[in-house]
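Please look over the structure shown here, and then read the short report that follows.

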Amino acid sequence: MDTTGLPHPPWRIPFLGDLIGVHPRTPVQDTLRFGRGLGPIFTRKFFSRPIVIVQGADLVGELADEKRFAKHVGLGVRELRQIGGDGLFTAHNDEPNWQRAHDILMPAFTQKSMQGYHPVMVDVARQLTAAWDARAGGPPVDVAADMTKLTLETIGQTGFGYSFGSFDRSEPHPYVSAMVGALRFAQRQVFYLPGISKILGRKAIQRNAVDLATMNALVDDVIAERSKPGAGQAQDLLGLMLSVRHPETGERLDPLNIRYQVHTFLVAGHETTSGALSFALYYLTRHPAALAQAQAEVDRVWGDDPEPDPTFQQVTKLRYVRRVLDESLRLWPTAPAYFREAREDTVIGGRLKMNKGDWVIVPLPLLHRDPTVWGDDPEAFEPDRFAPGRAKERPPHAYKPFGTGERACIGRQFAIHEATLVLGLLLHRYELKPDPGYQLRVTELLTVKPAGFTLEISRRDRSRDTAAAATAESSA
Ligand code: MNH
């Protein structure tokens, strides 16, 4: 792709390209900072490699055309293949295991399947509230850490019938520590090409091998448990992968691919949802009016019952809570970018020639701040941007937190149901007090999360309402 003439950040220097002001730990936030004002197509150079970046709803809409473009397993995703192999997230489009696994696993993501996961999601939410009840009135809780425990338990238990015992541990489960190590290694590989082995060092490579072995050992354990006689035939993700043949070809997934899929679901299925819940709690506790509206909604649904037993239907009624999540994912889409590659030679934006196989990156925080779509103050947190009918006023591809096309997120409904349920229950149960001195600090490790964000929690006082209700009753 010929990138000469494309706008790029200032201070480009020979050999190093646009590395000034670029921090290997915050590539997304750097792009956000540089990208505003550079127009719909711009470029950044890493060493000698130009990377083409696209922003704005018009061009992202053009790239959403599945006839001309497809997912590209690009920088940062490609490095994850050591964990996910040809599993759903990291598979190249033409790898046969993608379609095979997609068709076998789709039944696990229907509305009916969500209803089946619901009781398990409620159970895990209660593990979180039990832990928070014990901390209520005490020192503040680390929000992202606890949301990560919750979402990992949820995907482990719904998908694989496996508990990491997250709420019984003071340290992260070894799988999680190994996963964080492997993700960090993958992220560093992105930035230290070319000549990775020299710069990353033998130690880091050995450490990574240990992390991968730790992760594999756990997954092999989970599979072995299920294969034991008497383990049952649960039709969860693992059950489907072990027993179901492809509806048309009759093929099964092979054991190595099943291992890749389990890693994929454990990683993709929790980091992103955990970040989404954390950002939602961050924005809510900074916007008292939104918080009050969300609390009023959950109180309408669950009343004064201190121990509600949420039904699937009730969660779908939490429309405002859902809007809060949508708006949080607009400002901080927790899977912050995707890549599109040209299926054939083509031109985008009427100006950039792409040859077949050329790719561009779509940083979602930039798309989601396009002022022509979101107005003069795209930074403002306004859940009502997602009020009924509002989406129709926007171009169809202005909001893409779950990606696009046939490689879009398979777990979208799962994530939304889980996050709405949990956020709703937390708002119903607790008074949440932020640290007034906290300044949002976003950490990036392929996904984004608020770092160091804590909340003081206490049980909501329902006695006033109860007293009012009692008075009303006695005067009646
Ligand atoms: Mn999810 C793909 C975002 C929750 C499993 N996910 C994607 C993509 C985005 C994304 C964006 C597309 C990436 C690309 O084009 O390269 N996912 C999210 C967000 C949340 C999320 C923002 C939560 C919020 N994802 C989940 C959950 C699961 C899951 C929960 C599993 C239960 N996601 C996947 C899988 C893919 C994916 C699997 C790959 C799908 C495919 O290519 O077939």
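Leu446 is found in the loop between strand S10 (442–445) and strand S11 (447–450), where helices (H or I, at least four residues) and strands (E, at least two) are DSSP runs numbered from the N terminus. Although Leu446 is not a glycine, it has a positive phi of about 65°. Leu446 is partly exposed, with a relative accessible area of 27%, a class that falls between buried (under 20%) and exposed (over 50%), using a 1.4 Å probe and protein chains only.

This is a predicted model, in which local features need pLDDT of at least 70 and side-chain atom pairs count only at pLDDT 80 or more, while totals for chains, interfaces and linings use all residues. Residues are numbered from 1 along each chain as its sequence is written, and side-chain values use heavy atoms, with hydrogens and water left out.

The manganese atom of the ligand has a single protein donor, Cys409 (SG), 2.4 Å away; donors are N, O and S atoms within 2.8 Å of the metal (3.2 Å for Na, K and Ca), and water is not among the atoms, so sites may look incomplete. Cys409 lies in the loop between helix H16 (371–374) and helix H17 (412–429).

The table gives polar contacts, that is, pairs of N or O atoms within 3.5 Å.

| Protein atom | Ligand atom | Distance |
|---|---|---|
| Lys71, polar side-chain atom | oxygen | 2.9 Å |
| Leu88, polar backbone atom | oxygen | 3.2 Å |
| Arg407, polar side-chain atom | oxygen | 2.7 Å |

Key. A polar contact is a pair of N or O atoms within 3.5 Å; within protein, one must be able to donate a hydrogen and the other to accept it, and residues adjacent in sequence count only if both atoms are side-chain atoms.
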